[in-house]
Amino acid sequence: MINGSLETLTWAHQTQLTEDDLEIFDTPKERADATARLAESAPRLFSAGLNAVIIEWDLAKLVPKAAMDSYGGAVWCMATNHAQTKLAVGTEDGHIRIFDITNNALVYKSCFNKVNSRILSVAWSQDDKTIVTGSADSCVRIWDAATHTMATRMTLPKEGRDSTLVWSVIVLKNGTIVSGDSRGRVSFWSPTMHVIEQEFRALGADVLCLTADETGHTVFASGVDPKITQFKLLAGGSVAAESAINGAGGKKKLIIRPKKWQLAGFRRYHTHDVRAIAVSSHLDNDLIISGGTDTQVAYCQARPFPNENPHRQPCFPPLNSVISVAPEANLILQRQGNTLKLWALGKAEPASRLLADQMESGQALQVYQRQKDLLRMELKTKTNLLCSTISPSGSLIAASDAEGPKLYSVTYVDDSRSTVRVRRISDFPPSDFVPDFSENLGAVQMRFTADETRLVIATVEGFVSVVDITGW
């Protein structure tokens, strides 16, 4: 749980040794082993937002692993360099700050010169020698990553009195800078002259996110106007690519064709703002993946875009349903945050079997006994509950957060179930329900057996344990 708006996420996965590592590991074998260990390590996820805190997440426990003050107020953007060793952070006070993330650390290192505007977007060049930022004063700036000084400032025109907000910047493989702004425009900047080579009215509102494929020949943009717009780099009317022909003497002669960006198409995959978009090049077919405030993740193949229909996935679907049923007792257990709610089902049925046979699908029934709210139990946990379940008879309830599972005994005072008593079983779970080397005790799924003598627990690390609960 995070207090404040979450504005930016970034992944990091260091796979190359740093200069310090090269001094520590002298022999080729030591360096090869150290590089292999880096490659086998899990990627790291960082988040930041308006609460001015940079958080690294524990992806197994789903809780913050480390936290660091931004030292500059609200964080609007973050980006890791291509070596995956540094984290550049753009803050409200107009500074870029660099954090060292090598060796699983998160350490503040340096600060760039101040600009009189908040930094809204940041990107590294392909060689990690320069950093490009977009800010709220209509400017795109290029910074020297070594000296921390500004090398070039490029200014976008305003629309009216308000400054243009540069919400997104990326740097392509050939050094071309692409920016998306609050005018709904996508601008392509010359890597040498630092002027706009081409500009497109991509969206009807702010461009919030940009991404490019691995070759840098295709760019996608989206934002407040939720359509996804595609741009392609064309050379002589076809997709840009280096080509050659056989000249005199059989020598190959390189053909130089003028290259221009063109708006290739667009599609609407979302109903509300698109806040993030990415192209995955790790599969046989490149995928374009997008997500936003409609809580849907949409993905489709990038090459046939915009003629490809998307696949949609609800954002972060629960591993275990938030509802579980006790069929013998007609009870429903609902999980919400760190709260458990227990309901007794009502009754509604047709007056006769003949009427039941004549009923149409979806026809409403007359309710003659309404449902009852039997219990609302707020658990004292550090994180939201990961899963919950109720036994078939309704006499046992199990729930788990990131720290571990909990078991509760439920008794009903009378047949009307107007009074429910719950008691936590303090010595559950047994200490050996996971191996000794496992540090994560949280469960992602739990199920009672039909005879209620055992509880099957699946942990976040993939262990499945069957616990005998007859003693409780």
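Student: Okay, Q198 first: which residues does Q198 touch, not counting those up to four places away in sequence?
Tutor: Q198 touches V186, S187, F188, K260 and W261, leaving out residues up to four places away in sequence. Contact here means heavy atoms within 4.5 Å.

Student: Before we go on, what sort of model is this?
Tutor: It's a predicted model, where local features need pLDDT of at least 70 and side-chain atom pairs count only at pLDDT 80 or more, while totals for chains, interfaces and linings use all residues. Residues are numbered from 1 along each chain as its sequence is written, and side-chain values use heavy atoms, with hydrogens and water left out.

Student: Is Q198 buried or exposed?
Tutor: Q198 has a relative accessible area of 15%, so it counts as buried. Buried means under 20% relative accessible area, exposed means over 50%, and partly exposed is in between, using a 1.4 Å probe and protein chains only.

Student: What does the side chain of Q198 reach?
Tutor: The backbone nitrogen of W261, at 2.7 Å.

Student: S400 next. Why does S400 count as buried?
Tutor: S400 counts as buried because its relative accessibility is 0%. Its place is in strand β33, residues 396-401.

Student: And what does the side chain of S400 reach?
Tutor: The S400 side chain gets to the backbone nitrogen of A443 at 3.0 Å. A443 is also among the residues S400 touches, along with L385, L386, C387, P405, G442 and M446, again not counting residues up to four places away in sequence.

Student: Now S110. Which side chain does S110 join in a polar contact?
Tutor: S110 and H148 are joined through their side chains by a polar contact of 3.5 Å. A polar contact is a pair of N or O atoms within 3.5 Å; within protein, one must be able to donate a hydrogen and the other to accept it, and residues adjacent in sequence count only if both atoms are side-chain atoms.

Student: Where is S110 found?
Tutor: In strand β8. S110 is buried, at 15% relative accessible area. Besides H148, S110 touches I96, R97 and I98, not counting residues up to four places away in sequence.

Student: Switching topic: how much space lies in the second largest pocket?
Tutor: About 480 Å³. On a 1 Å grid over the protein atoms alone, a pocket is an open set of points where a 1.4 Å probe fits, with protein on both sides within 12 Å along at least five of seven lines, and lining residues have an atom within 4 Å of a point. Grid points are joined across faces, edges and corners, and the volume is the space filled by probe spheres set on the points.

Student: How many residues line the second largest pocket?
Tutor: There are 24, with T18, T85, K86, D100 and T102 nearest its centre. The elements giving two or more residues to that lining are α1 (19-24), β7 (96-100) and β8 (107-111). Helix α1 gives the largest share, five residues.

Student: How do the lining residues of the second largest pocket divide?
Tutor: Nine are nonpolar, seven polar and eight charged. Ala, Val, Leu, Ile, Met, Phe, Trp, Tyr, Cys and Pro count as nonpolar, Asp, Glu, Lys and Arg as charged, and the others, Gly among them, as polar.

Student: What about Y71, what is its phi?
Tutor: Positive, about 65°, although Y71 is not a glycine. Y71 is in the loop between β4 (63-69) and β5 (75-80) and is partly exposed, at 45% relative accessible area. N103 is not a glycine either, and has a positive phi of about 55°. N103 counts as exposed, at 58% relative accessibility.

Student: Last one: how many helices and strands are in the protein?
Tutor: Three helices and 38 strands. Buried residues make up 44% of its 472 residues.

Terms used. Helix = DSSP H or I, 4+ residues; strand = E, 2+ residues; numbered from the N terminus.
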